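Biologist: Before we go through the terms used for this model, could you set each value against its cut-off, and then draw the conclusion?

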Amino acid sequence: MIRTRFTLAALALASTLAFAQTDVHGVHLANMDKSVAPGDNWYEYANGTYLKNTPIPPDRTSISGFSTLADMVNLRVAAIIKDAADSHAAPGTDKRKIADLYASYMDEAALNAKGTAALAPHLKAVDAIHTRAELATALGHTLRADVDALNNTNYHTQNLFGLWVAPGFNDPDHYTTYFFQGGLTLPDQAFYTSDSAHMKTIREAYVKHAAAMFKLGGFDNPEARAKQVFELEAAIAKTHRPLAENEDIKKANNVWKMSDFAKNAPGLDWGAYFAAAGLAKQPDFIVWQPDAVTAEAALVASNSIDAWKNFIAFHLLEQYGAAVSTAMNDERFAFFGTTLSGATQQRPRDKRALALVNGVLSDAVGKLYAAQYFPAEDKARVEVMVKNLLTAFHARLEAVTWMAPETKSEALRKLGTLKVGIGYPDHFRSYAALEIKPDDLFGNLWRASEFEYRYNLARIGKPTDRAEWCMPPQLVNAVNLPLDNGLNFPAAIFGPPFFDAKAPDAVNYGAIGTVIGHEISHTFDSEGAAFDSQGKVRNWWTDADRKHFDDSIEALAKQYDTYAPFPDLHLNGHQTLGENIADLAGITASHDAWLASLHGKTAPVVDGLSGEQQFFLGYAQSEAGKSRENALRGQVATDPHSPSEYRADTVRNLDAWYAAFDVKPGQTLYLAPADRVHIW
Ligand SMILES: [Zn+2]
């Protein structure tokens with residue numbers, strides 16, 4: 001299942017410093033609402049006062065402890081950028097590139113002075129397409145390494161198709177090419193196909209937005225072009241494999257030789273397409289959604305060349321609009337920020353500039369971040385927790401009675417070879433080949449996109465670098481890398497509300513311990529079962545093992561199906577199942593690890609709270625957050641993670657929670673012992 005702990009959407013929306021500046025180390029009593037019984041509404045009990053008193057800022061679509069930590073990290077990154085600018089570093093150095101990229105975003109006047117001229121040569125090239133072969137070449141030029149199925153978990157690309165370069169399913173010792181469906185501007189298939197009134201409103205606004213973009217780009221007949229692009233994208237959407245199915249590895253492992261494309265997916269001149277994409281010599285690909293690739297290629301043949309020209313031109317306007325003019329940038333915000341997500345105000349320019357630098361030069365910033373902000377004593381303390389968590393998982397696996405002996409021994413081997421990275425990688429990427437100019441934002445973005453693509457193309461067929469990370473140190477997140485059998489915990493996540501060196505152990509185990517356990521658990525969930533201890537795709541479970549596991553997780557899917565953030569909208573317990581399993585297994589193992597760390601002693605009572613109470617509140621408070629309605633609806637439709645409230649409610653399945661808070665039959669969240677789900 002999806003490997004990251006947090007939705008990536010949340011990262012772009014990081015919040016204000018609403019509750020960060022405080023001397024509290026441990027459970028925040030002031031954030032609780034003790035008028036609510038924990039057994040009736042656990043989330044309100046733990047976070048009610050915080051939720052009531054913390055407004056969502058106008059430039060945000062959500063706010064949470066997670067986003068508050070991200071804001072604190074961003075203040076540090078801002079200091080790194082300022083230092084880079086003040087240092088007048090030599091040309092070609094990382095610091096100079098950081099300073100110049102930031103400057104190019106901040107100089108709005110220079111950007112507007114160039115305006116659409118920056119994009120003109122590229123739009124002219126699209127206009128010059130007259131034949132199907134030229135169309136295939138133009139589509140091939142759009143291919144980028146912009147999707148990622150298992151690590152950063154992003155199935156979405158606006159380009160017709162997407163590429164992911166990663167260790168091979170069938171040969172994890174070498175990087176291979178994964179090929180994906182694409183072509184949608186809106187976040188997911190459901191935005192085009194759903195009959196709900198909400199989605200219909202969004203679709204109408206989208207067509208108007210597309211027309212506005214064409215108009216700003218200097219095109220005639222903007223409304224007709226917008227309608228044509230929408231109809232093409234809607235036709236593509238119908239061919240797409242839905243999210244829940246995308247996560248099924250067995251359905252994804254389809255090896256196509258180069259010659260299979262013409263045979264399996266007629267309609268697109270694949271020779272021209274792959275030549276333009278720089279992949280003419282690639283012998284084979286793993287095609288993640290073969291039905292969609294077949295159907296999309298057929299749409300290339302069945303739609304007019306003019307429709308496709310509008311499709312390519314519109315996507316250029318979308319992808320580079322922010323670098324072309326303030327007017328295009330504002331139009332994009334009005335649709336994506338306000339209509340789609342509910343934010344009423346755009347984030348300040350310096351914050352957006354920072355996000356750009358963080359994205360484009362992530363390792364350059366991360367190297368400086370790790371050196372300055374992750375002290376060795378924090379790393380050492382976390383490493384002790386990791387060791388205890390691994391021991392707890394080991395004991396749980398040992399105690400399992402339903403697994404066949406050979407499955408169990410491979411599970412233990414997998415746990416034993418799991419590589420847990422804490423803070424930062426051993427080495428960082430080089431940006432030597434990326435040219436950054438202080439007065440050319442469009443050029444910087446264009447070159448960065450090609451740089452990233454070439455970096456990935458150059459890796460194809462090379463031996464897998466097991467020490468490589470897929471998240472930079474300054475990212476508040478955590479991830480499981482199934483093809484590497486490894487975990488990354490970037491330095492930035494080791495801050496409140498997840499980790500606080502001054503907080504009691506009980507709170508840290510409840511919060512960051514659960515995060516660590518969550519990632520370890522992905523090693524053994526339904527997707528982890530598809531990868532063996534070497535990272536190879538191999539079903540190492542017996543059918544009987546699998547049946548037992550599937551039966552027990554089905555109960556968890558049903559539990560989450562019952563949650564409804566709005567009367568007309570329930571969670572999809574299967575879409576979020578992998579993440580819900582990880583939360584449950586994570587908190588269970590972390591609870592074990594915390595108890596073991598006490599060595600038989602009783603944890604100290606703090607502020608009248610027992611150790612058990614601190615543990616569970618530490619977890620629930622790390623999940624505190626709220627979203628605007630449209631953002632939350634979008635999350636429920638597309639995100640494999642459940643909304644925070646329901647993640648916090650995972651505790652219903654732990655007997656220790658009932659004892660700690662005296663939860664009784666008749667209370668809303670009470671589950672009879674037989675209905676509590678235990679995965680491991
Ligand atoms: Zn996860």
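Predicted model: local features only at pLDDT ≥ 70, side-chain atom pairs only at ≥ 80, totals over all residues.

Biologist: What makes Asp 83 and Lys 95 a salt bridge?

Modeller: The closest N and O atoms of Asp 83 and Lys 95 are 3.2 Å apart, and the definition asks for a side-chain nitrogen of Lys or Arg within 4 Å of a carboxyl oxygen of Asp or Glu, so the pair qualifies as a salt bridge. Asp 83 lies in helix H3 (residues 65-86) and Lys 95 in helix H4 (residues 94-106), so the pair ties together parts that are twelve residues apart in sequence. In general, side chains of opposite charge can pair when their charged atoms come close.

Biologist: How do you know that the side chains of Arg 396 and Asp 592 meet in a salt bridge?

Modeller: The N to O distance between Arg 396 and Asp 592 is 2.5 Å, and the cut-off is 4 Å, so this pair also counts as a salt bridge. The pair links distant parts of the chain, with Arg 396 in helix H20 (residues 376-399) and Asp 592 in helix H25 (residues 577-597), 196 residues apart. Arg 396 is partly exposed at 27%, and Asp 592 is partly exposed at 22%.

Biologist: Are Glu 629 and Arg 633 buried or partly exposed, and why?

Modeller: Glu 629 has a relative accessible area of 41%, between the limits of 20% and 50%, so Glu 629 is partly exposed. Arg 633 has 15%, under 20%, and is therefore buried. The two form a salt bridge with the closest N and O atoms 2.8 Å apart, and both lie in helix H27 (residues 629-638), four residues apart, about one turn of the helix.

Biologist: How many salt bridges does the whole structure hold, and which residues are linked in a network of them?

Modeller: A search of the whole structure finds 32 salt bridges, and Asp 59, Arg 60, Asp 71 and Arg 347 are linked in a network of such bridges.

Biologist: Why is Gln 189 called buried, and which residues does Gln 189 contact?

Modeller: The relative accessible area of Gln 189 is 15%, which is under 20%, so Gln 189 is buried. This residue sits in the loop between strand E3 (175-181) and helix H8 (190-193). Leaving aside neighbours within four places in sequence, Gln 189 is in contact with Leu 184, Ala 237, Lys 238, His 240 and Pro 242, and the side chain of Gln 189 reaches the backbone oxygen of His 240 at 2.9 Å.

Biologist: What makes E7 and strand E8 a pair?

Modeller: Two strands pair if DSSP finds at least two bridges between them; three bridges join E7 to strand E8 (residues 486-490), so these strands pair, and they run antiparallel. Val 479 stands opposite Asn 488 in E8. Helix H23 (residues 505-521) packs on the sheet, touching E7 and E8, and its direction makes about 155° with that of E8.

Biologist: How do E3 and strand E5 meet the rule for pairing?

Modeller: Two bridges join E3 to strand E5 (residues 284-287), and at least two are needed, so the strands pair, running parallel.

Notes
Residues numbered from 1 in each chain as written. Heavy atoms only, no water. Buried < 20%, exposed > 50% of the residue type's maximum accessible area, 1.4 Å probe, protein only. Contact = heavy atoms within 4.5 Å. Polar contact = N/O pair within 3.5 Å; in protein donor to acceptor, adjacent residues only side chain to side chain. Axes fitted to C-alpha atoms, helices over the stretch in contact; angles between N-to-C directions.
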